[in-house]
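This report covers a ligand site and the packing of several helices. The model is a predicted one.

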Amino acid sequence: MQAKIVTLPGDGIGPEIVAQAVRVLRHVASTYGHTFTFEEAMIGGCAIDAVGNPLPDSTLATCATADAVLLGAVGGPKWSDPTAPVRPEQGLLKLRQHFDLFANLRPVKSYPALAKHAPLRADLLEGVDILFVRELTGDVYFGPRTEQGDGDRAWDTMIYTVEEVRRVARVAFEAARRRSGRLVSVDKANVLASMRLWRRTVNEVAKEYPDVKLEHVLVDACAMYLMRYPAQYDVVLAGNLFGDILTDEASVLAGSLGMLPSASLNNGTFGVYEPIHGSAPDIAGKGIANPIATILSAAMLLRHSLKLEQEAQAIEQAVDTVLLSGARTADIADPGSPSLGTVEFTDQVIAHVRPGVRV
Ligand code: NAD
C-alpha cells in the first residue's frame, strides 16, 4: 500500500526517537512491499523559536495531507515559563482539537524481563495487558474559559455532552469486543453530575454491545485496584481528567516511561501517534534515549491508520524478542550492566522485524 506519514519530531529527545521509528517504518515498507513517504514539520519549542507559534499553520496544512502523524515530544526548560504567552504544550492541544482527536488509546503492558524496574511485586505484574481508552477533547480541560475566578476563588467546569461520551464509549466497546469482551468504565457518578451523564450514556451504548461485559468503577477505587490487581483489567474507559491521572499511574507497571506508546484518533482512520513520555531534556543529545515507546507508537500507526495488523505485530514481536535477548537501553538496564544507545537498540529491533511472525 501507499501511505504518507508526517513526522513532528519536536524538542529534546523527540528528533532522536522519531528518526529511529522512521527507520523501523522504512524497513517494514521494504520488507512487506509498501511505499511510505515521509514529510517533516515543526511543533513545540522549536516552532516557537522559528516562527513564534508552537503549531504553525504550515504544520497543520502538512498534517492534513497525511494518512497519519508520528510525533516525538515537546517542551523543555527553555520554554517552561508558565506565564509565557506561547508554550510548547499549546501546540499539542491545538493539534488534538484541530483534528478532533477525541479517543486516546494507551496500551500498558508489563514485560517480565523488566519486572524488577517496576515498583510492584513481580507476581502482581504477571499478565498485565491493559488498553486505556481516554476521552481527549472534553471534560474539565475544555470547560468554559470565561469567569474562572473572582480573586479569592477559582473554578473549572467539568462538562460532557452525551455525544462526546457516546463516541468514545463506542471506541472502547469495539476494542473490548476485539480483545477479551470485558470493559471497565471509570467515573465518579456518586458525586458529579457530569459523571452521572457519563455512566448513563455508557449504559446506553452498552445495549449495542450485548457481547461485552461492562463494569462501572469509581475512579478512586480504580486507582487502588490498578495497583492491587492490575492483571484483572483489560479495556478501561475514562474521561479526560481521570484518564490522564490513571494512565500515568499505570505507566509504572511497564517498568519505564520509555516503553509506552499512544494513539489519538478521530472518527476516521487519521491519528496522531506518540510516546507518552516527554522530551527528556536531561538526556537529550546523548544518544541514549529509549526508542521503544516511539517504535511501538509506529506499530499502532500501522494498526489503526493503515490497517496493517500483521506489520504492527511484527514490530511488537521484534521489540519483545530484543528485550528477551537481554538488550537494554540505559533506562531499563540493571545498574552496572552494559546498555545500548538509541540507534544500536533500534538496529536490533530492525534485525528482528520479519514477515511471517506469529500472529
Ligand atoms: P519526561 O517524560 O520528559 O522525563 C521524565 C524522566 O524520564 C526523565 O528522567 C527522562 O530522562 C526519562 N525519560 C523519559 N523518556 C525517556 C526515554 N524515551 N528514554 C529514557 N528515559 C526517558 O518528563 P519531564 O521531565 O517531566 O518533562 C520534560 C519536558 O517534557 C517538559 O517540558 C514537559 O512539559 C514535556 N512533556 C512533554 C510531553 C509531550 O510532548 N507529550 C509529555 C510530558 C512532558
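A polar contact is a pair of N or O atoms within 3.5 Å. A polar backbone atom of Gly278 is 2.7 Å from an oxygen atom of the ligand, and a polar backbone atom of Asn290 is 2.9 Å from a nitrogen atom of the ligand. The ligand exposes 800 Å² when taken alone, and the protein buries 66% of that area.

The surroundings of the ligand comprise 20 residues. The closest of them are Val74, Gly278, Ala280, Asp282 and Asn290. Sorted by class, the shell holds 9 nonpolar, 7 polar and 4 charged residues.

| Helix pair | Residues | Angle | Axis distance |
|---|---|---|---|
| H3 and H4 | 57-64 and 88-98 | about 40 degrees | 12 Å |
| H8 and H9 | 219-228 and 240-250 | about 15 degrees | 10 Å |
| H1 and H12 | 14-32 and 342-352 | roughly 20 degrees | within 10 Å |

How are H3 and H4 oriented to each other? With an angle of about 40 degrees, H3 and H4 are oblique to each other. H3 passes H4 in a crossing that is right-handed.

For H8 and H9 the angle is about 15 degrees. Angles under 35 degrees count as roughly parallel, so H8 and H9 are roughly parallel to each other. Their crossing is right-handed.

Helix H1 and helix H12 cross at roughly 20 degrees, which makes H1 roughly parallel to H12. The crossing in which H1 passes H12 is right-handed.

Conventions
Residues are numbered from 1 along each chain as its sequence is written. This is a predicted model: local features need pLDDT of at least 70, side-chain atom pairs count only at pLDDT 80 or more; totals for chains, interfaces and linings use all residues. Side-chain values use heavy atoms; hydrogens and water are left out. A residue is near a molecule or strand if one of its heavy atoms lies within 4 Å of it. A polar contact is a pair of N or O atoms within 3.5 Å; within protein, one must be able to donate a hydrogen and the other to accept it, and residues adjacent in sequence count only if both atoms are side-chain atoms. Accessible areas come from the Shrake-Rupley method with a 1.4 Å probe; for residues, only the protein chains shown count as cover. Ala, Val, Leu, Ile, Met, Phe, Trp, Tyr, Cys and Pro count as nonpolar, Asp, Glu, Lys and Arg as charged, and the others, Gly among them, as polar. Axes are lines fitted to C-alpha atoms, for helices over the stretch in contact, and angles run from 0 to 180 degrees between N-to-C directions. Helices (H or I, at least four residues) and strands (E, at least two) are DSSP runs, numbered from the N terminus. Angles under 35 degrees count as roughly parallel, over 145 as roughly antiparallel, 65 to 115 as roughly perpendicular and the rest as oblique. A crossing is left-handed if the near helix is turned anticlockwise from the far one by less than a right angle, and right-handed if clockwise.
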